[in-house]
Amino acid sequence: KLSKRLKKVATYVPEGALFADIGTDHAYLPCYICLHDEKARAIAGEVNEGPFNSAVETVHLYGLSDSIEVRLGNGLEVVENEEVNQLVIAGMGGALIRSILEDGISKLNAVNRIVVQPNIDARTIRKWFLIHGFTVTNEAILEENGHIYEIIVADRGENRSPYDASLVDQQLLFGPLLMKNRTATFYQKWKHEHEKLQTVINQMDKAKVKDIQKINQFEKELKWMKEVLS
Ligand code: SAM
């Protein structure tokens, strides 16, 4: 049974998609999508041999070899330019997802939608989208097994920016659409982040050598969190 997290990710992959799932692990996501949508086609990329073999196995198990091709390789190296129209990268840190996008930018010419689910630091991906002409069109936040996950959907072009000039920095941190909706899970996440950051600041204040610039930045973010929680 597919996790609630990946099921939600799947809802953002359009019908009849021609997509790549990078860091596919067991290939559960592309298998789920292709089982429910016989027109969908996927390239499942994995850099590690263990998960690569698991992915090959799952695809065989479901008889999906005509719909899904599993490829071994780093990031977007496994896809040719213009081979896919959608891209999914889920279950990794934001910095890693961003570097996969950055290193593979020449493969994205035909990609009109990117769906990411960063485990941490969604902000760095939102910044990448902003710089590279992808507009955040949907965001979700959900809790599963004690973890809170964020999903970001970005579409190429789309001239309606979700950002407000005076609020961009806050919106990049909280998510422009998540910040508008402020669900119970959103509050839960930022209440926890607020506590964590307060602890970090307290420790930094006690240190002999102080990084004043960093403390100031964190103080500013702490204030944003207080505001968003109020
Ligand atoms: N995407 C699945 C999910 O969301 O459940 C699996 C997430 S799993 C925690 C991360 C997977 O990404 C691992 O199988 C790992 O081997 C793979 N991975 C890490 N860096 C990668 C890279 N640069 N290129 C391709 N796969 C990568």
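This is a predicted model: local features need pLDDT of at least 70, side-chain atom pairs count only at pLDDT 80 or more; totals for chains, interfaces and linings use all residues.
Ile212 counts as exposed, because its C-beta atom has 8 C-beta neighbours inside 10 Å. This residue lies in helix H9, which covers residues 212–229. Ile212 is 92 residues from Ile120 in sequence, and the two C-alpha atoms are 24 Å apart in space.

## The chain as a whole

Let us step back from that one residue. The protein chain has 9 helices and 7 strands. A compact globule of 230 residues would have a radius of gyration near 17 Å, and the 19 Å of the protein chain agrees with that. Along the principal axes, the C-alpha atoms fill a box of roughly 60 × 40 × 35 Å. Of the 230 residues, 36% count as buried. If you take the contacts between residues at least 6 apart in sequence, 69% of them join residues at least 24 apart.

## The sheet and the helices on it

The 7 strands form an open sheet with mixed pairing, in the order S3-S2-S1-S4-S5-S7-S6. Its edges are strand S3 (68–72) and strand S6 (134–144), each of which pairs on one side only. On average, and with direction ignored, neighbouring strands of this sheet are turned by 15 degrees against each other.

Two helices that pack on the sheet deserve a look here. Helix H1 (residues 4–11) touches strand S4 (86–92), S5, S6 and S7, and its direction makes about 155 degrees with that of S6. Helix H5 (residues 122–131) packs on the sheet as well, touching S5, S6 and S7. The direction of H5 makes about 5 degrees with that of S7.

Strand S5 (residues 113–118) and strand S7 (residues 147–156) run antiparallel and are joined by 4 bridges. In this part of the sheet, Arg113 stands opposite Asp155 in S7. S6 and S7 also pair in the antiparallel sense, over 10 bridges. Here Asn138 has Val153 in S7 as its bridge partner.

Strand S6 also holds Val136. Is Val136 buried or exposed? Val136 is buried, because 23 other C-beta atoms lie within 10 Å. Leaving aside neighbours within four places in sequence, Val136 is in contact with Arg126, Phe129, Ile152, Ala154, Pro162, Pro176 and Leu177. Glu82, by contrast, is 54 residues from Val136 in sequence and 22 Å away in space, C-alpha to C-alpha.

## Two positive phi values

Most residues other than glycine have a negative phi. Ala27 and Asn145 are worth a visit with this in mind. Ala27 is not a glycine, yet has a positive phi of about 60 degrees. Asn145 has a positive phi near 50 degrees, again in a residue other than glycine. The hairpin of S6 and S7, where Asn145 is found, has 2 residues between the strands.

## Helix H2 and its cover

Helix H2 spans residues 28–36, and its buried residues are Tyr28, Leu29, Pro30, Cys31, Ile33 and Cys34. What covers these buried residues? The cover includes helices H1 and H3 (49–61) together with strands S1 (18–22), S2, S3 and S4.

## Around the ligand

Which residues come nearest to the ligand? Of the 17 residues around the ligand, they are Gly23, Asp25, Val47, Ala90 and Gly91. Strand S2 (41–46), S4 and helix H4 (94–103) each supply at least two residues of this shell. S4 gives the most, with 3 residues. By class, the shell has 8 nonpolar, 7 polar and 2 charged residues.

How values were computed
Residues are numbered from 1 along each chain as its sequence is written. Two strands pair if DSSP finds at least two bridges between them. Axes are lines fitted to C-alpha atoms, for helices over the stretch in contact, and angles run from 0 to 180 degrees between N-to-C directions. Two residues are in contact if their C-beta atoms, placed from the backbone, lie within 7 Å. A residue is near a molecule or strand if its C-beta atom, placed from the backbone, lies within 6 Å of it. Ala, Val, Leu, Ile, Met, Phe, Trp, Tyr, Cys and Pro count as nonpolar, Asp, Glu, Lys and Arg as charged, and the others, Gly among them, as polar. The radius of gyration is taken over C-alpha atoms; the globule rule is 2.2 Å times the number of residues to the power 0.38. A residue is buried if 20 or more other C-beta atoms lie within 10 Å of its own, exposed if 12 or fewer, and partly exposed in between; C-beta atoms are placed from the backbone.
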